[in-house]
Amino acid sequence: MLSLASVGLKPAQDKQVELDTKKKILGAVMDISSIEEPNELLALYDKKVKSLVVDYNGEVVTTDAKGNTIVAEKVNIQKNYRFAPEDRLYPVFKFMNEKDSSKVEAYVFPMFGSGLWDWISGYLAVGNDLNTILGVAFDHKQETPGLGARITSDVVQKRFEGKEIYNEKNELVSVKMVKGEGNANLTSHEVDGMSGATLTGKGVNEMMVNYLTCYQGYIKKVKASGSSVAVN
């Protein structure tokens, strides 16, 4: 009976996972708080987002070893995290210009890591310069309420907007959440931390630099093409 119930619920569960995934991807780039109808959100996603999957070297991957088509939205980042970085699949979500669908406004990179108690994850959106952060959407399984769990709050996530992942020498430095809050003279590669949640902040820092390093192959290929706004 339990197995039959599980099978019966699976389509609804899969639909909810799809909705949650697409909501986070869009949420990293734009304000979707006013969209309450699921079908409206899914339609917006289909209109604005193009996706692909790349490997560690930045090469596009379309099929698996069995010849099955790989769909970016269905790549399980948590399961992939178990593999060595060189063996993972890396989804890329491109947020397209509404007036010119051949131009990319933002690139969204999913990532995964470890917080204080359990996993943390995120979607990081950078502009078509592949450097300036437009937004982030963090999630967690079990961080301390009111402390580490604040990584999901708008207040904390907005701190990343406008920061840069490359320095003036074009070296990947990512963005670091520093210790404590109310820090002065933060650089373009630093954001305020969360008081009482240093270890969660450290987990976010490690997750970001680890995954951005893994996406560097793709980033470099796009930049080398001479136009980061073209469809790739």
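Tyr90, Phe109, Tyr211 and Tyr215 come together as one aromatic cluster. In the whole structure, a search turns up seven aromatic pairs, a pair being two rings of Phe, Tyr or Trp (its six-membered ring) with centres within 6.5 Å. Elsewhere, the charged end of Lys223 sits over the ring of Tyr166, 4.1 Å from its centre; for this, NZ of Lys or CZ of Arg has to be within 6 Å of the ring centre and within 35 degrees of the ring normal.

This is a predicted model, with local features needing pLDDT of at least 70 and side-chain atom pairs pLDDT 80 or more, while totals for chains, interfaces and linings use all residues. Numbering starts from 1 along each chain as its sequence is written, and side-chain values use heavy atoms, leaving out hydrogens and water.

Now for the pockets (open sets of points on a 1 Å grid over the protein atoms alone, where a 1.4 Å probe fits, with protein on both sides within 12 Å along at least five of seven lines; lining residues have an atom within 4 Å of a point). The largest pocket has a volume of about 740 Å³, taken as the space filled by probe spheres set on the points. Its lining counts 28 residues, with Val17, Thr21, Glu73, Val75 and Tyr123 nearest the centre. Helix H1 supplies the largest share, eight residues, helices being DSSP runs (H or I) of at least four residues and strands (E) of at least two.

The second largest pocket holds about 480 Å³. Of its 20 lining residues, Gly27, Met30, Val136, Asp154 and Gln157 lie nearest its centre, and strand E5 (133-140) gives the most, six residues.

Notes:
Phe/Tyr/Trp six-rings, centres within 6.5 Å; stacked < 30°, edge-to-face > 60°.
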